[in-house]
Amino acid sequence: MKTEKTRNLYLLAIAFVILSIIKHIEFIYIRTDQTVIAENIFTKIFCIIAVLVLLFIEKKKLGDIGFKKQNILKYMAYGLGLGAFTFAISYGIEMLILSAQGKAPGLAVYITNFGLTGATNQNSLSFMAVIICIAGNIVNVLAEEGFFRGIMLKNVSESFGFKTGNFVQAFLFGEWHIVTVVLLLHDGEINIPTAIVFAIGYVVLAGILALEWGTCFSMTGVLWVGIFEHFFNNCIGNMLHVVSSTGVDEMQIVRIVFSNLLSLGIVLAINRKKKKN
């Protein structure tokens with residue numbers, strides 16, 4: 001059994017390295033997100049394939065890593081509700097701050113890509129743009145939740161315990177997002193000191209959510225809460241923007257940090273209460 005667990009960890013590490021290489025190639029050179037697809041879809045497809053291959057090797061089913069059919073609607077409500085609640089508060093705080101600065105903030109709905117530097121690649125709010133955004137985010141969350149919370153968290157936890165597994169998957173999920181910083185550095189849009197700050201920002205922000213979604217998986221035994229909140233967070237970041245007299249999404253980073261911390265705090269509080277009971 002120990003040899004089997006060790007083998008699974010080695011295969012997991014190899015899969016993560018291969019997927020990271022694919023992600024960097026697609027982001028920096030192929031740039032599928034700048035086409036009509038508007039998403040780096042090949043990385044996500046390979047991620048889903050990796051999940052299926054690892055499940056086959058480990059002789060497991062999708063249900064074993066949290067894709068169970070029971071209570072999907074209940075957990076969907078939890079995930080979407082958690083995202084809506086935390087972002088409603090964070091958007092409100094952002095607009096209050098901008099109003100206090102006399103910048104006359106308002107909300108605008110259109111499709112963009114997310115970035116720590118603010119909204120990018122503005123598109124018209126066409127029906128096709130919305131469909132592509134939703135479809136891309138569905139593929140994205142299934143791939144990332146399946147690989148990081150399903151496969152990675154479960155395998156590392158089986159060998160080293162849940163706390164270690166949760167922190168490992170959270171850190172690597174944060175590292176997974178550094179490619180965006182590498183792209184900005186490659187294109188000359190930022191310098192190395194700024195890239196380091198942004199890289200730390202991505203690791204922390206993505207890591208906070210990964211810890212939360214890993215905890216949700218531990219509490220419920222399914223991935224659905226994390227999947228639906230992940231989907232909501234991505235869609236709201238792509239679609240709903242704060243505009244003011246001086247720019248667009250100027251305080252996006254504050255909004256996201258507050259929402260992420262609030263969401264993690266709520267989940268940890270519920271988990272602590274559940275353990276006491």
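Which residues is tryptophan 224 in contact with, leaving aside its neighbours within four places in sequence? I looked this up first. Tryptophan 224 is in contact with Gly66, Phe67, Lys68, Ile72 and Tyr75. Contact here means heavy atoms within 4.5 Å.

**Ground rules**

I am working on a predicted model, where local features need pLDDT of at least 70, side-chain atom pairs count only at pLDDT 80 or more, and totals for chains, interfaces and linings use all residues. Residues are numbered from 1 along each chain as its sequence is written, and side-chain values use heavy atoms, with hydrogens and water left out.

**Entry: nonpolar cores**

I went on to the cores. A nonpolar core is a set of buried Ala, Val, Leu, Ile, Met, Phe, Trp, Tyr and Cys residues joined through side-chain atoms within 4.5 Å. Buried means under 20% relative accessible area, exposed means over 50%, and partly exposed is in between, with a 1.4 Å probe and protein chains only. The largest core has 43 residues. Leu12, Phe147, Phe148, Ile151, Met152 and Trp224 touch the most other members.

I then listed the elements that give two or more residues to this core: helix 1 (2–30), helix 2 (41–58), helix 3, helix 4 (127–160), helix 5 (162–176), helix 7, helix 8 (224–239) and helix 9. Helices (H or I, at least four residues) and strands (E, at least two) are DSSP runs, numbered from the N terminus. Helix 7 gives the largest share of the core, nine residues. Apart from this core lies another, of nine residues, among them Phe87, Leu98, Ile236 and Val242. In soluble globular proteins, nonpolar side chains tend to be buried together.

**Entry: second largest pocket**

I put the volume of the second largest pocket at about 290 Å³. The search runs on a 1 Å grid over the protein atoms alone; a pocket is an open set of points where a 1.4 Å probe fits, with protein on both sides within 12 Å along at least five of seven lines. Lining residues have an atom within 4 Å of a point. Points are joined across faces, edges and corners, and the volume is the space filled by probe spheres set on them.

There are 13 lining residues, and Tyr78, Met219, Thr220, Val225 and Ile270 are the closest to the centre. Helix 3 (72–100), helix 7 (192–220) and helix 9 (252–276) each give two or more residues to the lining. Helix 3 has the largest share, with five. By class, I find 10 nonpolar, one polar and two charged residues in the lining. Ala, Val, Leu, Ile, Met, Phe, Trp, Tyr, Cys and Pro count as nonpolar, Asp, Glu, Lys and Arg as charged, and the others, Gly among them, as polar.

Asparagine 271 was my next stop. Asparagine 271 is found in helix 9 and is buried, at 14% relative accessible area. Not counting residues up to four places away in sequence, asparagine 271 touches Thr215 and Met219.

**Entry: cysteines**

How many disulfides does a search of the whole structure find? I get zero. A disulfide is a pair of cysteine sulfur atoms within 2.5 Å. Cysteine 216 is in no disulfide either, as the nearest cysteine sulfur, that of cysteine 235, is 18 Å away. Cysteine 133 is buried, at 8% relative accessible area. Cysteine 216 is buried too, at 4%.

**Entry: positive phi**

Lysine 59 has a positive phi of about 60° and is not a glycine. Lysine 59 is found in the loop between helix 2 and helix 3. Buried or exposed, for lysine 59? I find it exposed, at 78% relative accessible area.

Aspartate 249 has a positive phi of about 50°, again without being a glycine. Aspartate 249 is found in the loop between strand 5 (247–248) and helix 9. At 2% relative accessibility, aspartate 249 counts as buried.

**Entry: spot checks**

Glutamine 70 lies in the loop between helix 2 and helix 3 and is exposed, at 53% relative accessible area.

Alanine 88 lies in helix 3 and is exposed, at 52%. Alanine 84 is in helix 3 and is partly exposed, at 33%.
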